[in-house]
Amino acid sequence: MKTLASQLIFFFRHRKVQRNFAVLWKFFTSLFFVICLYSALFHVLMIYEGRNFSWITGVYWTMTVMSTLGFGDITFHSDLGLLFTMVVLFSGVLFLLIMLPFIFIQFFYTPWLEAQERAKIPRALPAHIHNHVILTSYDPITARLIERMVKYNIPYALVTPDHQLANELHDLDCLVVIGEPDKPSTYEALRIADASLVVVTNDDLISTNICFTIREVDKVVPIVTNADREHSIDILEFSGNNSVYQFTNMLGIHLAKRTQGVCMTANVIGRFEELMITEMPVKDSELIGKTLLEANIRSRTGVTVIGLMQKGIFSPSAPSTVMSRGTILVLSGTVNQLKAFEDLFGGEHPQTAENNHVLILGGGRVGLSAAKTLAEHGINYRIVEKRPLKITHQQEEQFIVGDAADIKTLEAAGIKTARSVIVTTHSDDMNIYLTFYCRQLRPDIQIISRSILERNVSKLHSAGADQVMSYASLGAGTIFQLLRPNEVSLFIEGLIVFNRTAGSYFQGRSIMESGVRDKTGCSIVALRRNDTLLVNPAPETILEANDELIFIGTAENEELFLRLTR
């Protein structure tokens, strides 16, 4: 009854509904006038035929004819009466069978359904939710962040003024609250004083307005914001943000760091104090065709091979695993250990030869950020962009104006001699197309591609990309790190780091005897004992009950681990 009452209140107070009632009133008034007129004419024509009926009979005849029931108990005998009957019949079809259903559905039933849809979306946060995250926009980053928060049971609320979007998200079991993001009352309804974080990922102008609005209501709640442009950072920080990121620039940096020739310690995908987790493509190294046992990486460098990535799919390492050109090793170790690995297996990568440059397809913010990172590491690059860019005379050789889908443009940019290709356009469809095109032109080239939507990561791998960096995962992982500062967030899809106390299961056993890798696929990459972090502990290390173990693996590996230790 409470829900019905709220729907009725909303329904009758809505201005559009009030206007619709005025239209309905006019329609029924006109219909009543027509019925009265036809009833009067019925009596006149019946008197003309020499018959007399009551007024109720006249209304009864008019209604039966207009509704096309036509019982036939009262009929005219003259041609004039029959002609009048046909006029009443056709007008009845028009009024009762065409106009009335249309007006009822359009001006009454549809608004009623809309009222029901809107009434089911709350305008305030449920009372039982505390320490929640407030989201002010629904985009690829927040969509991915919601998935992570649901997995870790972190409460959240998405505020939006768009009722259609709210209904769609509500049907997807998202907690949505209707409200204007630039009104203080919205955040009072969201109980911002109890919130743990506010995530603002709107455009720079709207984000600035939202941040000032939030600070009117609460001075201390942490706010994290995405800045689209460089000059917006200072403005957003001034408006009260605790953390301002440029995810497009970050994406360009991470794409560039995955390029051959950039040092491994720069391409860090996760960090836990002195423990570093990084990627290393096997392509063009002496590891091709060898098994992990034959390579003997751990004893020679101290680095642990956590697993292998093949076309975006992670699999735990095993001694018999054979490495191919398309294999990407996921490694853990200290800076010195990773440096020893790079010196031993990294190979030689000429960094200044003009016939060994990196080709960047797309000269937007991501592409320019990638180019800047490559330049910092002494690697030549060329950017292909459709739009003319403002460049200096010295930069003319590095910028190619043209369509990257045109073979002549790619040849002019040096596709045949390029070391790597970084695909950075802002369209996943175009990225998939260009990735496949470049793979056909150069089967041996390294291709690193950008993905905006999470669902397109696997498609880019299928199209021929060696590595794919997801904009959504990068942004969501960075923000999630603020929610869980003591946990490692990896910018690689499907791989997670988690901490667990050794407990009775591991107590007194060595890492090898525990069989945790064989049974669950998880790797112990570090352990903390007496406030000392031991990176890549030896398999013979005896574990104690109070040891804090740092594992890495997939979500499925974590579930197997939890089952094992219950």
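The following dialogue considers how to read several features of a predicted model.

Reader: How many helices and strands does the chain have?

Author: One begins with an inventory of the secondary structure. In this predicted model, the chain contains 22 helices and 21 strands.

Reader: What share of the residues in the chain is buried, and what share of the accessible surface belongs to carbon and sulfur atoms?

Author: Burial and surface are read together. Of the 566 residues in the chain, 50% are buried. The accessible surface amounts to about 27,700 Å², and carbon and sulfur atoms account for 58% of that area.

Reader: What part of the contacts joins residues 24 or more positions apart?

Author: Among the contacts with a separation of 6 or more, 65% join residues 24 or more positions apart in the chain.

Reader: At what angle do helix α10 and helix α18 pack?

Author: A pair of helices is described by an angle and by the distance between axes. Helix α10, residues 247–257, packs against helix α18, residues 471–483, at about 110 degrees, and their axes lie 10 Å apart. Angles of 65 to 115 degrees count as roughly perpendicular, so α10 is roughly perpendicular to α18. Their crossing is right-handed.

Reader: Which residues make the contact of α10 with α18?

Author: Helix α10 contributes Phe247, Thr248, Met250, Leu251 and His254, while α18 contributes Tyr471, Leu474, Gly475, Thr478 and Ile479. By class, six of these residues are nonpolar, four are polar and none is charged.

Reader: How are α5 and α18 oriented to each other?

Author: Helix α5, residues 140–151, and α18 pack at an angle of about 50 degrees, with a separation of 8 Å between their axes. The two helices are therefore oblique to each other, and their crossing is right-handed. The residues in contact include Arg144 and Arg148 of α5 and Ala476 and Phe480 of α18. By class, this contact has ten nonpolar, three polar and two charged residues. Tyr471, Gly475 and Ile479 of α18 take part in the contact with α5, and they also take part in the contact with α10.

Reader: Is Thr291 buried or exposed?

Author: A residue is judged by its relative accessibility, and buried means under 20%. Thr291 has 14% relative accessibility and so counts as buried. This residue lies in the loop between β8 (275–281) and α11 (292–295).

Reader: Which residues is Thr291 in contact with, beyond its neighbours within four places in sequence?

Author: Thr291 is in contact with Pro319, Ser320, Thr321, Val322 and Met323. Thr291 and Pro319 are 28 residues apart along the chain, yet their C-alpha atoms are separated by 6.5 Å.

Technical notes
Residues numbered from 1 in each chain as written. Predicted model: local features only at pLDDT ≥ 70, side-chain atom pairs only at ≥ 80, totals over all residues. Heavy atoms only, no water. Helix = DSSP H or I, 4+ residues; strand = E, 2+ residues; numbered from the N terminus. Buried < 20%, exposed > 50% of the residue type's maximum accessible area, 1.4 Å probe, protein only. Contact = heavy atoms within 4.5 Å. Areas by Shrake-Rupley, 256 points an atom, 1.4 Å probe, with all protein chains shown as cover. Axes fitted to C-alpha atoms, helices over the stretch in contact; angles between N-to-C directions. Parallel < 35°, antiparallel > 145°, perpendicular 65-115°, else oblique. Left-handed = near helix turned anticlockwise from the far one by under 90°. Nonpolar A, V, L, I, M, F, W, Y, C, P; charged D, E, K, R; others polar.
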